[in-house]
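Subject: Structure for you to look at

Hello,

Here is the structure I promised you. Please open it and keep it in view while you read the notes below.

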Amino acid sequence: MANESGSGVVRFKVSPSTACVIQKGDITKWFIDGSSDAIVNPANEVMLGGGGADGAIHNAAGPDLVQACYSVQEVQPGIRCPTGEARITPGFRLRASHVIHTVGPIYNASSNPRALLRSAYRNSLAVAKENNIQYIAFPAISCGVYRYPYDEAATVALSTIKEFSQGLKEVHFVLYASDIYNVWLDKANELFKN
């Protein structure tokens, strides 16, 4: 069930101990306490920055973030984080304490984009729990240049959160574009109604 708490911020109860918060905004500015919070970077497999939210997060975090990403061991030449997996670094100049990097699927280039997108969300949540993160903020993974259809992406994201967020206090979706925010809000009203 949703309750409004400020402009464009809607809270849903996912479980007795976990809330899902959907809000419009700039994920690079999001934080809760600067010690047990993390933003999710929709990275590419090389993890050295890119366009869209990935580039904005790297710019806001400063040059130390790219250095931290360089130190993540490659699992194959040029690949530090395969599609569907997640890695963690400090947040550096960001107000959130950590960045969890995950790679979503390119919608038309993947044989099973739904499974890979689900994996990206699930693995990000697992990395958060392993690192004592209590508050995590996601963008709409794969909905930019990777062209994932918003409605299906919202369904995958929110159903995965519903299933795997136990142990976290809050899971936020910080969505920059109004059209994506509206799709996420509609889908959350369907999935989280009591």
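Helix 4 (residues 150-164) packs with helix 5 (residues 178-191) at an angle of about 45 degrees, and their axes are 9 Å apart. Bear in mind that the model is predicted.

How does that angle class the pair? Angles under 35 degrees count as roughly parallel, and 65 to 115 as roughly perpendicular. Helix 4 is therefore oblique to helix 5. Their crossing is right-handed.

Which residues make the contact? Here they are:

- From helix 4: Tyr150, Asp151, Ala153, Ala154, Thr155, Ala157, Leu158, Ser159 and Lys162.
- From helix 5: Asp179, Ile180, Val183, Trp184, Lys187, Ala188 and Leu191.

By type, 10 residues of this contact are nonpolar, two are polar and four are charged.

**Helix 1**

Now go to helix 1, residues 52-61. Which of its residues are buried? They are Asp54, Gly55, Ile57, His58 and Ala61. They lie on the same side of helix 1, because they cover an arc of only 160 degrees around the axis. Look at the other side of helix 1 and you find Gly52 and Asn59, both exposed.

What do the buried residues of helix 1 pack against? Their partners are strand 4 (37-42), helix 2 (63-70) and strand 6 (98-102).

One last stop. Just after helix 1 comes glycine 62, with a positive phi of about 90 degrees.

Best wishes

Conventions:
Residues are numbered from 1 along each chain as its sequence is written. This is a predicted model: local features need pLDDT of at least 70, side-chain atom pairs count only at pLDDT 80 or more; totals for chains, interfaces and linings use all residues. Side-chain values use heavy atoms; hydrogens and water are left out. Buried means under 20% relative accessible area, exposed over 50%, partly exposed in between (1.4 Å probe, protein chains only). Helices (H or I, at least four residues) and strands (E, at least two) are DSSP runs, numbered from the N terminus. The arc is that of the directions from the helix axis to the C-beta atoms. Contact means heavy atoms within 4.5 Å. Axes are lines fitted to C-alpha atoms, for helices over the stretch in contact, and angles run from 0 to 180 degrees between N-to-C directions. Angles under 35 degrees count as roughly parallel, over 145 as roughly antiparallel, 65 to 115 as roughly perpendicular and the rest as oblique. A crossing is left-handed if the near helix is turned anticlockwise from the far one by less than a right angle, and right-handed if clockwise. Ala, Val, Leu, Ile, Met, Phe, Trp, Tyr, Cys and Pro count as nonpolar, Asp, Glu, Lys and Arg as charged, and the others, Gly among them, as polar.
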